[in-house]
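Welcome! Here is a short tour for anyone meeting this structure for the first time, with a few stops along the way.

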Amino acid sequence: AGPVAVENFVGHARRAYFDGIIFHRVIPKFMIQTGDPLGNGTGGTSIWGGDEDEISDDLKHDRPYTLSMANVGPGTTGSQFFITTTATLWLDNKHTIFGRVHQGYEVVHAIENAKTDRENKPYEDIKIINITV
């Protein structure tokens, strides 16, 4: 996993940055995305204000429950992250993988199955209560 991405995630989690943040993008059979304090997919910074991507040929989006940093192109990693709900090989070499879900699969799928609007935002807010690391 990308050590800078892990440090970024852990740093935010320890500062309660993610507490109360919603899952703003939910696409069944693809992924669930969160980490944006604005709640619309346009916000969030890294703990340093900007991050380089940490792409590894050894890490693949080859299974569900892969934890990756969201971005809008190279060098745009901030605080948003997503969890895949299926293999998503087209994301390889585009997003920094920094973990895998090892328990709580039912929570991932409950979020994945939430009713969403045309822009893939759940009708009812689904919030992170807190993250403990």
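## Salt bridges

Let us begin with a charged pair: Asp62 and Arg63 join their side chains in a salt bridge, with 3.0 Å from N to O. Please keep in mind that the model is a predicted one. How exposed are these two residues? Asp62 is partly exposed, with a relative accessibility of 39%, and Arg63 is partly exposed as well, at 40%.

Asp62 also has a salt bridge with Arg100, where the closest N and O atoms are 3.9 Å apart. Arg100 belongs to strand S5 (residues 97–100), while Asp62 sits in the loop between strand S2 (31–34) and strand S3 (66–69), so this pair ties together parts that are 38 residues apart in sequence. Arg100 is partly exposed, with a relative accessible area of 23%. Across the whole structure, the search finds 2 salt bridges, and Asp62, Arg63 and Arg100 are linked in a network of them.

## Aromatic pairs

Next come the rings. The structure has 7 aromatic pairs. One of them joins Phe18 and Phe81, whose ring centres are 5.3 Å apart with 80° between the planes, an edge-to-face arrangement. Phe18 lies in the loop between helix H1 (3–14) and strand S1 (25–27), and Phe81 in strand S4 (residues 81–84), so the pair ties together parts that are 63 residues apart in sequence.

Are Phe18 and Phe81 buried or exposed? Both Phe18 and Phe81 are buried. These two residues also belong to one aromatic cluster, together with Phe9, Tyr17 and Phe98.

## The largest pocket

Now for the open spaces. The largest pocket has a volume of about 510 Å³. Its lining consists of 20 residues, and those nearest the centre are Phe9, Leu67, Phe81, Ile83 and Val101. Which elements give two or more residues to this lining? They are H1, S4, S5 and helix H2 (105–112).

Sorted by type, the lining of the largest pocket holds 15 nonpolar, 3 polar and 2 charged residues. Phe9 and Phe81 bring two of our stops together: they are among the residues nearest the centre of this pocket, and they are members of the aromatic cluster.

## The second largest pocket

The second largest pocket has a volume of about 320 Å³. It is lined by 20 residues, with Gln33, Ala70, Asn71, Val72 and Gln80 closest to its centre. How does its lining divide by type? Here there are 6 nonpolar, 13 polar and 1 charged.

Key. Residues are numbered from 1 along each chain as its sequence is written. This is a predicted model: local features need pLDDT of at least 70, side-chain atom pairs count only at pLDDT 80 or more; totals for chains, interfaces and linings use all residues. Side-chain values use heavy atoms; hydrogens and water are left out. Rings of Phe, Tyr and Trp (its six-membered ring) pair if their centres lie within 6.5 Å; planes under 30 degrees apart count as stacked, over 60 as edge-to-face and the rest as tilted. Helices (H or I, at least four residues) and strands (E, at least two) are DSSP runs, numbered from the N terminus. Buried means under 20% relative accessible area, exposed over 50%, partly exposed in between (1.4 Å probe, protein chains only). A salt bridge is a side-chain nitrogen of Lys or Arg within 4 Å of a carboxyl oxygen of Asp or Glu. On a 1 Å grid over the protein atoms alone, a cavity is a set of points where a 1.4 Å probe fits but cannot get out, and a pocket is an open set with protein on both sides within 12 Å along at least five of seven lines; lining residues have an atom within 4 Å of a point. Grid points are joined across faces, edges and corners, and a volume is the space filled by probe spheres set on the points. Ala, Val, Leu, Ile, Met, Phe, Trp, Tyr, Cys and Pro count as nonpolar, Asp, Glu, Lys and Arg as charged, and the others, Gly among them, as polar.
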